Amino acid sequence: MDRSVVTSTVRALWDDDIVPSLSQLVAVPAISPAFDPAWEEHGELAAAIEHVRAWIASRDLPGATLEVVQLAGRTPLLVVDVPASGNAADDTVLLYGHLDKQPPVGGWSPGLGPWTPVLRDGRLYGRGSADDGYSGYAAIAAIEAVRAAGGSHSRCVILLETGEESGSPDLPAYLEHLSDRLGRVSLVVCLDSGGSDYERMWLTTSLRGLVQVTLTVRVLDGGLHSGMASGIVPSSFRIARILLDRLEDSTTGEILVPEMHVEIPAHRLAEVREAVEAAPGALWGPVPRVGDLQPMSSDEVELALNSGWRPTLSVTGADGLPAPDDAGNVLRPFTTLVLSFRLPPTASSADALEAVRQKLTTDVPYGATVELSRVEAADGWNAPELAPWLSAVLDDAGKEVFGSPWRTVSLGGSIPFMGLLHEAYPEAQFLVTGAVGPDSNCHVPDEWLHLAHAARVTEAVALVLDAHASRR
């Protein structure tokens, strides 16, 4: 395969074809269904699917078939099936991305907006540009580059879902529905991740799991005058605080639930150290901190392990607390807190959830009523070891495409698709990567895509596809 042709093809596709179409996709407010209950009526997820489907159809890839699959009551899925080229084996490469988006949220900088694509200084701004609208374009461009350069690729199936930002609740049903069509999947390429800088290719080798519960502590049927009731009726907030102390050391942030802790594998620890050495300051530098805020540790390796391999608790929502301007002298009847735990990749979310349930509902102070609702649990993911052929081509891509060696990241968030696919295809190799960097602003105002980095990631994927096809 002529690698110079790969480079020129990818760059031309990004400049001439992808950026204009991706900009139009940014303008589609395809909010994920968890944040838009009327998503089907609004039709924006369908519009995003159709926009990308039409662009891929215009590429006229030989033998490619495109289908929008939508099971009853579920979000739509775009399936692109590209037959193998050359003498590649008949196994399948599965390339994944998603087209649904996080809510727009306020606070975008002047001249920017969630549904207003803006090109500025090599960046494409707008919701869904980096997370994860570019993925389908990059997958197609990688396939086209392999063909243009005289390389080979196995059968490639691109899946673009529209429920990832809602936790991919429909994906298991689709994987079951498509299992016979997918055949033997030997390589999974996920383009919904990123890394600690834009200087190299970053592989996500683990993802944390999740336990989330909404805790309500209820003490009264209605509020009482605090001057008359305080000291007699225990505060629901104080009881909630006592319960939280069973879960977390409030001084250090250490989680006190043994079921949430695991032994960190030695090779993952080594990878974390290499990553920190490659991109010093990447974890704390982009944080929009206020004043003289300090990180939870001065050791960057510890910070990386905290975010990738240790459990943490975030209180992400509350109810029963009036806004300050509305707060009277009232002993409130209840306090509700949303507790979001991130779990190590190999921890059992079911065991962790049961431990949380026991700690919150057993021997409740003062006999207060405790209610747990909106319960969610999801396991993390730990990637299989890289096959020699994949490690070798990544080494080549590091030298020839990025000019820096590839590194790994233990991602603190979740991509539910990875665990599902690893379970379905335990023998497959996984390449979980992407163009997102530490300041890409995914999920928050001013989201942007680093266009040159996205093109380099695309080029690297093309090299991987060719190496996969000839690995035997």
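Strand E8 (202–207), helix H8 (266–278) and strand E17 (429–432) each contribute at least two residues to the lining of the second largest pocket. Helices (H or I, at least four residues) and strands (E, at least two) are DSSP runs, numbered from the N terminus. The model is predicted: local features need pLDDT of at least 70 and side-chain atom pairs count only at pLDDT 80 or more, while totals for chains, interfaces and linings use all residues. Residues are numbered from 1 along each chain as its sequence is written, and side-chain values use heavy atoms, with hydrogens and water left out.

**Second largest pocket**

- The second largest pocket holds about 190 Å³ of space; a pocket is an open set of points on a 1 Å grid over the protein atoms alone where a 1.4 Å probe fits, with protein on both sides within 12 Å along at least five of seven lines.
- Its volume is the space filled by probe spheres set on the points, which are joined across faces, edges and corners.
- Of its 16 lining residues, Thr 205, Arg 268, Glu 271, Pro 384 and Leu 386 are the closest to the centre; lining residues have an atom within 4 Å of a point.
- The lining comprises 8 nonpolar, 5 polar and 3 charged residues, where Ala, Val, Leu, Ile, Met, Phe, Trp, Tyr, Cys and Pro count as nonpolar, Asp, Glu, Lys and Arg as charged, and the others, Gly among them, as polar.

**Helix H1 against H13**

- The axes of H1 (residues 3–26) and H13 (residues 451–469) come within 10 Å and cross at roughly 135°; axes are lines fitted to C-alpha atoms, for helices over the stretch in contact, and angles run from 0 to 180 degrees between N-to-C directions.
- H1 and H13 are therefore oblique to each other, given that angles under 35 degrees count as roughly parallel, over 145 as roughly antiparallel, 65 to 115 as roughly perpendicular and the rest as oblique.
- H1 contributes Arg 3, Val 6, Thr 7, Val 10, Trp 14 and Val 19 to the contact (heavy atoms within 4.5 Å), and residues from H13 include Leu 451, Ala 454 and Glu 459.
- This contact of H1 with H13 has 9 nonpolar, 2 polar and 2 charged residues.

**Helix H1 against H3**

- H1 and H3 (residues 44–58) pack at about 165° with axes 10 Å apart, and are therefore roughly antiparallel.
- Asp 17, Ile 18, Ser 21, Gln 24 and Leu 25 of H1 meet Ala 48, His 51, Val 52 and Trp 55 of H3.

**Backbone geometry**

- The peptide bond from Asp 131 to Asp 132 is cis, with omega near 5°, and Asp 132 lies in helix H4 (residues 129–148).
- Asp 363, although not a glycine, has a positive phi of about 50°, and sits in the loop between helix H10 (349–361) and strand E14 (369–378).
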